[in-house]
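Visitor: I would like to learn how to read a protein model feature by feature, beginning with a turn between strands and ending with the overall fold. Could you take me through it slowly?

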Amino acid sequence: FRGNENWIHHQKHGWLYSVAADGNSLWLWNPHQKWLWTSPGIYPHIYRNKDGTWLYFMAKSDSSKGYYNQSTKAFEPIQH
């Protein structure tokens, strides 16, 4: 769902502010993760800018979805 301006609602990630980057890549922002970067060729891998961490998006079910943090080797649930 496209909201006002660059806001989108993603079925699995929730509300995100999107900004196109070079090529097919995309910067996304939300209050919990801050700035995230990804592209069609690397998604579900996502780079989190605030701590320089690569995340892997996982959706076990609608109630159990989040990111596997490749630095800490821990699962981080999505916060809405």
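**Reading the model**

Guide: Let us start with one turn: in the hairpin formed by S2 and S3, where five residues lie between the strands, Gly-23 adopts a positive phi near 60°. Please keep in mind throughout that this is a predicted model.

Visitor: In what sense do strand S2 and strand S3 pair, and over how many bridges?

Guide: Strand S2, residues 14-20, and strand S3, residues 26-30, pair in the antiparallel sense over four bridges, and within this pairing Ser-18 stands opposite Leu-28 in S3.

Visitor: How many residues lie between S3 and S4 in their hairpin?

Guide: S3 and S4 form a hairpin with three residues between them; their pairing is antiparallel and runs over five bridges, with Trp-35 in S4 as the bridge partner of Trp-29.

Visitor: Which backbone angle deserves attention at Lys-34?

Guide: Lys-34 has a positive phi of about 65° although it is not a glycine, and this residue lies in strand S4. Because its relative accessibility is 35%, Lys-34 counts as partly exposed. A second case is Lys-73, another residue other than glycine, whose phi is positive and near 60°; Lys-73 is found in the loop between strand S7 (65-69) and strand S8 (74-77), and at 56% relative accessibility it counts as exposed.

Visitor: Is the peptide bond from Tyr-43 to Pro-44 cis or trans?

Guide: The bond from Tyr-43 to Pro-44 is cis, with omega near 25°, and the place of Pro-44 is in the loop between strand S4 (34-38) and strand S5 (45-48). Both Tyr-43 and Pro-44 are touched by Phe-57, whose contacts beyond four places in sequence also include Lys-12, His-13, Ile-46 and Tyr-67.

Visitor: Why does Ile-46 count as buried?

Guide: Ile-46 counts as buried because its relative accessibility is 3%, and the cut-off for that class is under 20%. The residue lies in strand S5, and, leaving aside residues up to four places away in sequence, it touches partners including Leu-36, Trp-37, Trp-54, Leu-55, Phe-57 and Tyr-67. The C-alpha atoms of Ile-46 and Tyr-56 are separated by 6.1 Å, although these residues are 10 apart along the chain.

Visitor: How many helices and how many strands are there in the protein?

Guide: The protein has zero helices and eight strands, so that from the N terminus on its elements run β-β-β-β-β-β-β-β. Its radius of gyration is 12 Å, close to the 12 Å that the globule rule gives for 80 residues, and it is therefore as compact as a globular protein of that length. Along the principal axes, the C-alpha trace spans about 35 × 25 × 20 Å.

Visitor: What share of the 80 residues counts as buried?

Guide: Of the 80 residues, 29% count as buried, while the accessible surface comes to about 5,300 Å², with 53% of it belonging to carbon and sulfur atoms. Among contacts with a separation of 6 or more, 13% are between residues 24 or more positions apart.

Terms used: Residues numbered from 1 in each chain as written. Predicted model: local features only at pLDDT ≥ 70, side-chain atom pairs only at ≥ 80, totals over all residues. Heavy atoms only, no water. Contact = heavy atoms within 4.5 Å. Helix = DSSP H or I, 4+ residues; strand = E, 2+ residues; numbered from the N terminus. Buried < 20%, exposed > 50% of the residue type's maximum accessible area, 1.4 Å probe, protein only. Pairing = 2+ DSSP bridges. Rg over C-alpha atoms; globule rule 2.2 N^0.38 Å. Areas by Shrake-Rupley, 256 points an atom, 1.4 Å probe, with all protein chains shown as cover.
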